[in-house]
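Welcome! Please take a moment to look over the chain before reading the notes below.

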Amino acid sequence: MDKLLIIIQNEDIASHIHKVPFLTSLKKLSRVSFAGVDTLDDVQNHTYNELFVSGGIVVSDETVLNPETIRFEKLQIFLDFLQDLSTPESKWIWKIHCKMHKKLKELARTNTAAFKILTLLNKYQKCNLVEVLSYHDCDSRSRNTIELDCLIKLQAQSMQHRHVVFLTEKHMERLSSSLECGVVVACVNDFVKNFNSLIGYHSSNMGEKQQRLGSRDSLQGK
């Protein structure tokens, strides 16, 4: 099968990589590679920077950390799945906004369910599967939701990760525009149950492991 190399100038990556047509669909295909170059000589000399290599980052909204909208058991299954998915060659990480993590910590003082979720996050943070992002624009009091611009910036800052997944327990129809810029939108259950169809290619060494991951039972309940 023919290979396709998509080339973009290094200086344009941050501002233009999300404008590549059908970017989300292209990322799913193992025959598609991405290259950042200073000049076209980098292609001929094979000195270009490989982009969107493997693995991915997961970013979530407030519903994924709210004990009123998600159960502890569902997050446990999700994090176990993410841990099983991540390898040294294909790393996956859940990036949590500072504001949401702080809100969970405050709630955990009086709410048992929130305390269990916080304890779970701390456990996986120690093994580098969870990362709390530094404070930035999304964390200001005037903003109640994660904006598309933030996801685009995170994608540009994580160019070795092939995929960006935005997790939410809200109705996803309203977020369909994210699919145009290389970001996959999914609920937690869908991410685990339909990972293969949502993500497609994510590692040069997928094989039987991807088949096993794709055959997992769906999550139950919230």
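In which sense do strand E2 (residues 32–37) and E3 pair? The two pair in the antiparallel sense, over three bridges. This is a predicted model, where local features need pLDDT of at least 70, side-chain atom pairs count only at pLDDT 80 or more, and totals for chains, interfaces and linings use all residues. Residues are numbered from 1 along each chain as its sequence is written, and side-chain values use heavy atoms, leaving out hydrogens and water.

**The sheet**
- Three strands make an open, mixed sheet in the order E1-E2-E3; strands are DSSP runs (E, at least two residues) and helices are too (H or I, at least four), numbered from the N terminus, and two strands pair if DSSP finds at least two bridges between them.
- Strand E1 (4–9) and strand E3 (49–51) are the edge strands, each pairing on one side only.
- Phe-34 stands opposite Leu-51 in E3.

**Aromatic rings**
- The structure holds eight aromatic pairs; rings of Phe, Tyr and Trp (its six-membered ring) pair if their centres lie within 6.5 Å, and planes under 30 degrees apart count as stacked, over 60 as edge-to-face and the rest as tilted.
- One of them is the edge-to-face pair of Phe-81 and Phe-191, 5.8 Å centre to centre with 80° between the planes.
- This pair links distant parts of the chain, with Phe-81 in helix H4 and Phe-191 in helix H8 (residues 188–193), 110 residues apart.
- Phe-78, Phe-81, Trp-92, Trp-94, Phe-191 and Phe-195 form one aromatic cluster.
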